[in-house]
Amino acid sequence: MASIANKRLVIFGCGYIGSAVAQAALTAGARVEALTRNPEKAAALRALGLAKVVVADLAASDWHGQIAGGPDFVVNCVSAGGGPDGYRQSYVAGMQSILAWAGGSAAPVGTLVYTSSTSVYPQGAGALVDESASADGGTPNGRIIRDSELLLQNAPVGAVRRSFILRLAGIYGPDRHHLLDQLRTDATTLGGSGAHRLNLAHRDDIVAAILACLGASPAVANEIFNVVDTAPAMREEVVRWLAAKLGRPMPAFDGGTTARRGGAPMPDRVISSAKIQRALGWRPQYPDYRTGFEKLLSR
Ligand SMILES: NC(=O)c1ccc[n+]([C@@H]2O[C@H](COP(=O)([O-])OP(=O)(O)OC[C@H]3O[C@@H](n4cnc5c(N)ncnc54)[C@H](OP(=O)(O)O)[C@@H]3O)[C@@H](O)[C@H]2O)c1
């Protein structure tokens, strides 16, 4: 993997993953710039040592003149809450804005990494899902994210030299562990079913996958990779294990529809990360829920 030291990286969307990427890239010696909507976050990022932080809405164009074009690397990891309008604004209009900025610059972006989502996959019923599976969206929001992927895949020549789409599974890690939080509140009942697998990806493994794309050999380009641990387990198994670790009784499942973004039920499937392992040698440091949660519980 090539070093990113002394290279210029622009991060769009500095939330949970974006901030961790910024930290890791600074540690690796990159010159890091970022765009965020949030002035407080901007101050924190400046304090971290970022060379430049612009406060703006990605979907607007007023920032185009404030961030120089032609960076070695771009990471787009904006996320959206709420319904379709918010999704279109952050994912679709955000990607359009990045591509307009990149296309209007004298030099193209070297490598652009986009953190998409496994919510683009409609499959359930225990299916094994790799990147060759259809990805026409399991939910309305998943379809919007797929639209943003297509924008990048059809980016104008001259805007981006190469790109990678990372379809992330359910993110967890330090300060982001919803299931653990629920069990810690003495919950006796959890919403939804235990009879579907949880496809999880630890924050640090996602950051490692993003850095692996940035430093990938020039022979690897324009790929889609799933990023997920290697042992998706039934939700019931994960809850039983966590309850035992916490010394709590096993809660019941209320059997209702466990909402995911867009309100659709959680599908049961096994998302495969075999492709990124083969292509980039990426290996999760947290290959299953036990190693990830064990670390979180020890904090
Ligand atoms: N959460 C999951 O389990 C999951 C699963 C699969 C894929 N993903 C994907 O993983 C990526 C990273 O997620 P995350 O957990 O790091 O998300 P996050 O913590 O919610 O951070 C997302 C960031 O994007 C920023 N943002 C959103 N719209 C923006 C806009 N129009 N202009 C500028 N900034 C904007 C937000 O800024 P504000 O602070 O101003 O709102 C926020 O800082 C996202 O692309 C997400 O779709 C997430």
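Me: Leaving aside neighbours within four places in sequence, which residues is Ser-148 in contact with?
Reply: Ser-148 is in contact with Tyr-91, Val-92 and Met-95, once its neighbours within four places in sequence are set aside. Please keep in mind that this is a predicted model.

Me: What makes these residues count as contacts of Ser-148?
Reply: The test is whether two C-beta atoms lie within 7 Å. Tyr-91, Val-92 and Met-95 are in contact with Ser-148 by that test.

Me: Why is Ser-148 called buried?
Reply: A residue is buried if 20 or more other C-beta atoms lie within 10 Å of its own. Ser-148, in helix H4, has 25 such neighbours, so it counts as buried. Its C-alpha atom is separated by 8.2 Å from that of Ala-93, 55 residues apart along the chain.

Me: And what about Asp-85: is it buried or exposed?
Reply: Asp-85, a residue of helix H3, counts as exposed. The cut-off is 12 or fewer neighbours, and Asp-85 has 10 inside 10 Å, so it falls in the exposed class.

Me: Why is H3 called roughly parallel to H4?
Reply: Two packed helices are described by the angle between their axes and the distance between the axes. The axes of H3 and helix H4 (residues 140-153) cross at roughly 5° and come within 9 Å. Angles under 35 degrees count as roughly parallel, so H3 is roughly parallel to H4.

Me: Which residues of H3 and H4 meet?
Reply: On the H3 side they include Tyr-87, Tyr-91, Val-92 and Met-95, and on the H4 side they include Ile-144, Ile-145, Ser-148 and Leu-151. The residues of this contact divide into eleven nonpolar, three polar and two charged.

Me: What makes the sheet an open one, and which strands are at its edges?
Reply: Seven strands form the open sheet, in the order E3-E2-E1-E4-E5-E7-E12, with parallel pairing. Strand E3 (52-55) and E12 are the edge strands, since each pairs on one side only. From one strand to the next the twist averages 15°. Helix H2 (residues 39-48) lies across E2 and E3, and runs at about 180° to E3.

Me: How do you know that E1 and E2 pair?
Reply: At least two bridges are needed for a pair. E1 and strand E2 (residues 31-36) have five, in the parallel sense, so they qualify. Within this pair, Val-10 stands opposite Glu-33 in E2.

Me: How do you know that E7 pairs with E5 and with E12?
Reply: The requirement is again at least two bridges. Eight bridges join E5 to E7, and the two strands run parallel. Ser-117 has Leu-168 in E7 as its bridge partner. Five bridges join E7 to strand E12 (residues 223-227), also in parallel. Both counts meet the requirement, so E7 pairs with E5 and with E12. In E12, Ile-224 stands opposite Ile-165, and Asn-226 stands opposite Arg-167.

Me: Why is strand E7 described as largely enclosed by the rest of the structure?
Reply: Seven of the nine residues of E7 (residues 160-168) are buried, so the strand is largely enclosed. E12 is mostly covered, with four of its five residues buried.

Me: Why is Asn-222 called partly exposed?
Reply: Asn-222 has 13 other C-beta atoms within 10 Å. Exposed needs 12 or fewer and buried needs 20 or more, so Asn-222 falls in between. Asn-222 is in the loop between helix H6 (203-214) and E12, and its phi is positive, about 55°, although it is not a glycine.

Me: Which residues come nearest to the ligand?
Reply: Of the 25 residues around the ligand, Gly-13, Gly-15, Arg-37, Leu-58 and Ser-79 come nearest. The shell divides into ten nonpolar, twelve polar and three charged residues. Helix H1 (16-27), helix H3 (84-103), strand E5 (109-117) and strand E8 (170-172) each supply at least two residues of the shell.

Methods. Residues are numbered from 1 along each chain as its sequence is written. This is a predicted model: local features need pLDDT of at least 70, side-chain atom pairs count only at pLDDT 80 or more; totals for chains, interfaces and linings use all residues. A residue is near a molecule or strand if its C-beta atom, placed from the backbone, lies within 6 Å of it. Ala, Val, Leu, Ile, Met, Phe, Trp, Tyr, Cys and Pro count as nonpolar, Asp, Glu, Lys and Arg as charged, and the others, Gly among them, as polar. Axes are lines fitted to C-alpha atoms, for helices over the stretch in contact, and angles run from 0 to 180 degrees between N-to-C directions. Angles under 35 degrees count as roughly parallel, over 145 as roughly antiparallel, 65 to 115 as roughly perpendicular and the rest as oblique.
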